[in-house]
There are 2 protein chains.
Amino acid sequence: MNPILVNVLRGRYVESRHRGAFAVVDAEGTVVAEAGDIDRPIYPRSAVKLLQALPLVASGAAERFGLGDAELAIACASHNGEAAHADTAAGMLAKAGLDVNVLECGAHWPAYEAAGRALAQSGQQPSALHNNCSGKHAGFACLGCMLAGREDPRGFLLGYTQPGHPVMREVSAVLQATTGFDLRDAPQGIDGCSIPTYAIPLRRLALAFARVGTGVGLSPGHAIAARQLRGAIARAPFMLAGTGRFDTRVIERLGERACLKVGAEGVYCAALPELGLGVAIKMDDGNNARAAEVAMAATIEALLPLEGDDTAFMRGLSEPVLKNWNGTEVGQLAPTETLRRLSA
Amino acid sequence: MNPILVNVLRGRYVESRHRGAFAVVDAEGTVVAEAGDIDRPIYPRSAVKLLQALPLVASGAAERFGLGDAELAIACASHNGEAAHADTAAGMLAKAGLDVNVLECGAHWPAYEAAGRALAQSGQQPSALHNNCSGKHAGFACLGCMLAGREDPRGFLLGYTQPGHPVMREVSAVLQATTGFDLRDAPQGIDGCSIPTYAIPLRRLALAFARVGTGVGLSPGHAIAARQLRGAIARAPFMLAGTGRFDTRVIERLGERACLKVGAEGVYCAALPELGLGVAIKMDDGNNARAAEVAMAATIEALLPLEGDDTAFMRGLSEPVLKNWNGTEVGQLAPTETLRRLSA
């Protein structure tokens, strides 16, 4: 039974509550802090996109196609589908001589509703470029071009979302290498964008992010790739998520100090490089990001030494005020003592 | 500790889980079935809009202004903000000589994203008519016109969302009368549309809906009003919610057999008139409607004798398939044994 990590208050009364588990782990695998069951495998979903992007850099594909910060950041993103996101994903594909037609993630209206309305207003329909995973898939396509060798890249890429395809085998191999978890033992499902997702314990996910933040325990190629991706995300945080989004806001504020990424169903992972720690969180109900965001904000507050405006900024995210349609304050989210007791 | 009522599966593995409580009660207050804590007060939010609409009919306002089925149904609604919803709310106000400017619910883009995109495409901005509560507020305004007597109705209506206003006092009085719960003891908050919300135990909410379905325990005026509102909802279920919505789909299928209404934060209430029972559900995490819908569907399946296509239809709602952006089946929601063991 996982503990309550986040309460939702309306007035002064608890209206809803969110249970969950978290692990804070160093690059040796030592658990520094934890709550709940950190050994039950959970689907990390999009929280591990940075891990999945390591082969894009380590293979040399990013260098070969001249990918810059925005492109490396969006390769790790669950983005809003704003115009800049769709354009960046399209640009990546173009650099590899490809286009939207190779993407196998599916199309959907932008996750950011205002972007969807803007698209509709201009008379357009959404394409796979607006899929929140289009950057990751554009990265897979670039990786595939590298792996294709002398084969026709478009032919080679067909079915790249399937577990047995060379691109997915690279991606699964890096998940296994960084988490140290044997994926043959892992429950397996299909993710929202059609690639396989493997359930991995929080303890192992946090370890992988401690490794990403330090390079310790990674192959030399992965260590260099992780540093490049972290830097790109810190320099182009809008590409990781977008307008108003938690990941973008925190990274705009804290830069390379916190490399974090949300996943569907209440998952969060982060590297805190200066502390050599990785964090992994899963809310039991998984229903959307609100509770996982509060838990991640409270974890960062507890672990990272913050100064000046950064303190108030993070408190605003760990105890966000809820307003109604008239802008009246009606309540707030708040982390429980389990999170507030945390310390580095 | 409330039990797990709904599991979310990806592949064959449980990805997320939802705890909650429910009560099934007859009009005498006898608990027929229950799980979890049914005595802790919970904010019912929009699940009690039918109760809040009783004074609109019982006061004679609905008759005086000639409100039809669509208007009575939308007075009980959390609607999608589709064009027909906004038009119906506007029409109600016009019948009372009023317009959108009296509404104090606040404006927001339609809850149904396609309706928001259509609005944007036509170059419009949303008004309070697109607020999912606009029908309820239009009903409050009609009630206020009735209560205003010889006063100028627009002046009288000012501040109608405040607890001390005559309109809200009528609405609170009917909540207290139907649930039998003394609201002076109730935790109080402000709802999304700015009216007060009072926390009430599930046991009492289920009782109120048993009374709504049978008339037993209601004043004669409220009993007649409840029958009229139930009938109107059964004849105009689109107005209660809208395209693709659970409430609309179930009532389109089952008609007056199930008078149900979702509330924010994982709440559901229903009257099952032929059984003389009321149902009230609250999911602990409250994060959106998916788990409460599954719990309500499973409850209806367990309690109502279903035949032919209705059986498969309800099973489709109690065990909904989850598909990804490519339309691939990736998992499902499923009620736990706690719900599947239920019987009438």
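What follows is a short chat about helix packing and salt bridges in a predicted model.

Reader: Start with the two chains. How many residues of chain A are in contact with chain B?
Author: This is a predicted model, to be clear. In it, 53 residues of chain A are in contact with 52 residues of chain B.

Reader: And how much area do chain A and chain B bury between them?
Author: About 4300 Å². Carbon and sulfur atoms account for 47% of that buried area.

Reader: How many salt bridges are there across the interface of chain A and chain B?
Author: Four, by the rule used. A salt bridge also joins the side chains of A:Arg45 and B:Glu15, at 3.0 Å from N to O.

Reader: What about the whole structure? How many salt bridges over all chains?
Author: The search finds 34. A:Glu301 and A:Arg315 form a salt bridge through their side chains, with 2.8 Å from N to O.

Reader: Where do A:Glu301 and A:Arg315 sit?
Author: A:Glu301 is in helix α13 of chain A, and A:Arg315 is in helix α14 of chain A, residues 309-318. The two are 14 residues apart, and the pair links distant parts of the chain.

Reader: OK, those helices. At what angle do α13(A) and α14(A) cross?
Author: Roughly 150°, and their axes come within 8 Å. Angles over 145 degrees count as roughly antiparallel, so α13(A) and α14(A) are roughly antiparallel to each other.

Reader: Is the crossing of α13(A) and α14(A) left-handed or right-handed?
Author: Left-handed.

Reader: Which residues meet there, in α13(A) and α14(A)?
Author: From α13(A), A:Val294, A:Ala297, A:Ala298, A:Ile300 and A:Glu301. They meet A:Thr311, A:Met314, A:Arg315, A:Leu317 and A:Ser318 of α14(A). By class, that contact has six nonpolar, two polar and two charged residues.

Reader: Now α12(A) and α13(A). How far apart are their axes?
Author: 11 Å. Helix α12 of chain A covers residues 246-254, helix α13 of chain A covers residues 290-303, and they pack at about 15°. α12(A) and α13(A) are therefore roughly parallel to each other. Their crossing is right-handed.

Reader: Which residues make the contact of α12(A) and α13(A)?
Author: A:Phe246, A:Val250 and A:Leu254 come from α12(A). A:Glu293, A:Met296, A:Ala297 and A:Ile300 come from α13(A). The classes are six nonpolar, no polar and one charged.

Reader: Left-handed or right-handed crossing for α6(A) and α8(A)?
Author: Right-handed. α6(A) brings A:Phe140, A:Leu143, A:Gly144 and A:Leu147 to the contact. α8(A) brings A:Pro166, A:Val167, A:Met168, A:Glu170 and A:Val171.

Definitions and conventions. Residues are numbered from 1 along each chain as its sequence is written. Chains are lettered from A and ligands numbered from 1 in the order in which they are written. This is a predicted model: local features need pLDDT of at least 70, side-chain atom pairs count only at pLDDT 80 or more; totals for chains, interfaces and linings use all residues. Side-chain values use heavy atoms; hydrogens and water are left out. A crossing is left-handed if the near helix is turned anticlockwise from the far one by less than a right angle, and right-handed if clockwise. Helices (H or I, at least four residues) and strands (E, at least two) are DSSP runs, numbered from the N terminus. Contact means heavy atoms within 4.5 Å. Buried area is the accessible area (1.4 Å probe) that two parts lose on being put together, summed over both. Axes are lines fitted to C-alpha atoms, for helices over the stretch in contact, and angles run from 0 to 180 degrees between N-to-C directions. Angles under 35 degrees count as roughly parallel, over 145 as roughly antiparallel, 65 to 115 as roughly perpendicular and the rest as oblique. Ala, Val, Leu, Ile, Met, Phe, Trp, Tyr, Cys and Pro count as nonpolar, Asp, Glu, Lys and Arg as charged, and the others, Gly among them, as polar.
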